[in-house]
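Please look through the sequence and the structure shown below. The paragraphs that follow treat helix packing, a recorded feature and aromatic rings in turn.

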Amino acid sequence: MFPASRYSSKAHRCIRALKTIQTDHAAPQLYTTLHRRTCSSVTTPRITTHYTIHPREKDSRWEGVEMERFADEADVVIVGGGPAGLSAAIRLKQLANEQEKELRVCLVEKASQIGAHILSGACLEPTALDELFPDWKERGAPLNTPVTEDVFSILTEKYRIPVPILPGLPMANHGNYIVRLGNFVRWLGEQAEELGVELYPGYAAAEVLFHEDGSVKGIATNDVGIAKDGSPKDVFERGMELHAKVTLFGEGCHGHLAKQLYKQFNLRENCEPQTYAIGLKEVWTIDEKKWRPGRVEHSVGWPLNRNTYGGSFLYHLNEGEPLVALGLVVGLDYSNPYLSPFREFQRWKHHPSVAPTLEGGTRIAYGARALNEGGLQSIPKLTFPGGMLIGCSPGFMNVPKIKGTHTAMKSGMLAAEAIFPKVTAESVDSETAGLHVPEYADSLKNSWIWKELYAVRNIRPSFHNYFGLYGGMVYTGIFYWIFRGKEPWTLKHCGLDAHQLKPAKDCTPIEYPKPDGKISFDLLSSVALSGTNHEGDQPAHLTLRDDSVPVGQNLAIFDGPEQRFCPAGVYEYVPLETGDGMRLQINAQNCVHCKTCDIKDPSQNINWVVPEGGGGPAYNGM
C-alpha cells in the first residue's frame, strides 16, 4: 500500500532496521481440536512460553544471543494507525508545513496494512473531518452513503416495536454517513503520507521505553524469530527502538501499552474503571430489490434480556453493489457465564424483521472488536512525562450515539496542537527528558468532546437498575431529551466487567439453535472470513500469568467462560490425553485482536500482548 520507493531516506533506514518475517494473509490457518497443541493447565507441559511471563534472562537457551537494538530518533512517535493516530500525525504535519518547520513524525501500526485491523459499524459524524480537511469531498474521502432513513426499534422474540427518534436524541443520524471505516482509515493514511508522515505498517509496538528520570523515551517494536517454545530461531532479530520528544499512544480500545502506562503513572487513580462491550459485525451482499442505500436501523431488546446491555445495527451501504453491514453489540458487564456474544449475534439474524433482508444474500466478511463504554467517568489522566493517550485508548466513545470516530479524531488533533509548539521550540523548559504537555488535557476539557460526553455521561450507567433496559430508556427520555444531561449528579458504573460474572451454578445454561448455514453460521467458518493469520511458530500472544488458573478457577467456578466470550474460537477446554481431567488449549492463530479475553476473564489471568507485526485479521473495509 505504501511502496518503499516513496519513503524518505530516513524511512529507508527504518525499514531496513525493522526487517521482519511477513505472513501470508491469503491462507488463514484456523486451529481447532483437530490441531491440538501439547499445552495444558497442569504444571507440565507449559501453556505460556512468552518472554513477558518467562524472562529470557533466566533461560539458558538465550545465553550469547545478541540483544542490542538499533535506535532512531524522531520528534514525535505515534503508536497506532487508527483515526486518532492518523489525525494527530496529519495535524502535526499541517502545522509544520504552515509554519515552514522541520518535524519528523513516525507512526507504527501492528496491522500489515493501514486499516487492516479497523472494525466499526460505522455511521460517521463528520464534525472532526470537516475541521481536519474542509475539502475532504474534493480529496476523495470514501464517504459515499449519506444517511437517508433512520429507524429505531425494540425487538421482542417475534415482533418489532418502532420507537420514534425525537429531535435532539443522540441516536439521530441526520447529516451522518455510513462508511466502511477501514477504507476511511486507509484514505487518512494516504493523506498522512502525502504530508510527509512516515508510516510503518506491519511493526507492532511491544515495549514502552523510559528515560532514567522515569519519563517516556519512546517505544520498541517487537522481536521476531522466536519459536513457539520461547527459544530463539536462527532468524531471530531484535526489534527497533524509536525515541521521541513526545510519544502518542493511540492503540485503540484496551491497548496493551496503555495498560502498562496506567500502572506506571497511576493514570486511573481518579477515574472509574473502564467498562466495555464487544461488537460483532458481518458484511453481506443482498438481493438488490431489498437494498435501500442510506437506511440506518438500530434496535435494542431481543435476543438479550433486559439486564444485558446491548443492541444491533443494520446499515445499507451505497458502494456500487447491494451491501449491508450488520452487527450486535453486547456489554461486557453481563453476568451469565453461559452467554455467547457470537451465538447471540447469529440468533439475532433470524428475527422476523432482520432475516428477510438477508435471505438469498451472501456473507462476505466477519470480525469483532471490543469498544469502550465507560464515557466521561472512566477517562483516565491523559498526559504524563514524555507521552499522552489519544482516541479509543483512553476512551472517548459517545455510547448512546454509538460513535467514537469523530471524538477519537478530534482528540488526536488537539494533542497535535498542544505538543507542536513544544516540540518545535528552540529551547524547551522541561523538568523531564520526555516532554510533559498537560495543555492537551485542558484543551480537551474546553472542546466539544467534553461537552458531548458530559451531556450523555449518565445514560450508560442508568441501565443498572431493576428494570434494566427499560429503566435506562425512561431515564434517557427524561433527563437527556428534556434536560440535555444537566442533572446535578453523575451516576457510577458497577466496577470491572471481569468481576460481574456469577458462578455457573447460580446461572441457567443458554440453549442456542444450531446454525443453518444460510443466515447463521458456525464460529470457525466465520473467522475464516476475517482473513486472520499469524506466524504459527511463535509463542502465543495470549499469555497466562498462571497456567493453573484456567482449569482451577475459570472452568471450576464459571464453566470456562473464555470459550464462549471469545468471538474467534481461541480458547477451548479439551480432555487431557490421559483422560483424567481437562486442559486449556489456546488457538492463538485464530485471534482477531478484539481484546475481549483480557477484559472479561474473571480471574484477570489473561494478558494480551502483541504478536509478530503483520499478524492478526486482514479486514477489507470493515
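Helix 8 (residues 405-423) packs with helix 10 (residues 448-455) at an angle of about 145°, and their axes are 10 Å apart. Here helices (H or I, at least four residues) and strands (E, at least two) are DSSP runs, numbered from the N terminus. Axes are lines fitted to C-alpha atoms, for helices over the stretch in contact, and angles run from 0 to 180 degrees between N-to-C directions. Helix 8 contributes H406, T407, K410, S411 and L414 to the contact, while helix 10 contributes W448, I449 and E452; contact means heavy atoms within 4.5 Å. The residues of this contact comprise 3 nonpolar, 3 polar and 2 charged. In this division Ala, Val, Leu, Ile, Met, Phe, Trp, Tyr, Cys and Pro count as nonpolar, Asp, Glu, Lys and Arg as charged, and the others, Gly among them, as polar.

The model is predicted: local features need pLDDT of at least 70, side-chain atom pairs count only at pLDDT 80 or more, and totals for chains, interfaces and linings use all residues. Residues are numbered from 1 along each chain as its sequence is written, and side-chain values use heavy atoms, with hydrogens and water left out.

The structure holds 15 aromatic pairs. Rings of Phe, Tyr and Trp (its six-membered ring) pair if their centres lie within 6.5 Å; planes under 30 degrees apart count as stacked, over 60 as edge-to-face and the rest as tilted. In the pair of Y475 and F479, the ring centres are 4.6 Å apart and the planes stand at 35°, so this pair is tilted. Both residues belong to helix 11 (residues 469-482); because they are 4 residues apart, about one helical turn separates them. Y475 counts as buried because its relative accessibility is 14%, whereas F479, at 21%, counts as partly exposed. Buried means under 20% relative accessible area, exposed over 50%, and partly exposed in between (1.4 Å probe, protein chains only).

Another tilted pair is formed by F313 and Y315, with 5.0 Å from centre to centre and 35° between the planes. F313 and Y315 are both buried.

Ring pairs also link F210, F249, F265 and F384 into a cluster. Leaving aside neighbours within four places in sequence, F249 is in contact with several residues, including V79, V208, L257 and F384.
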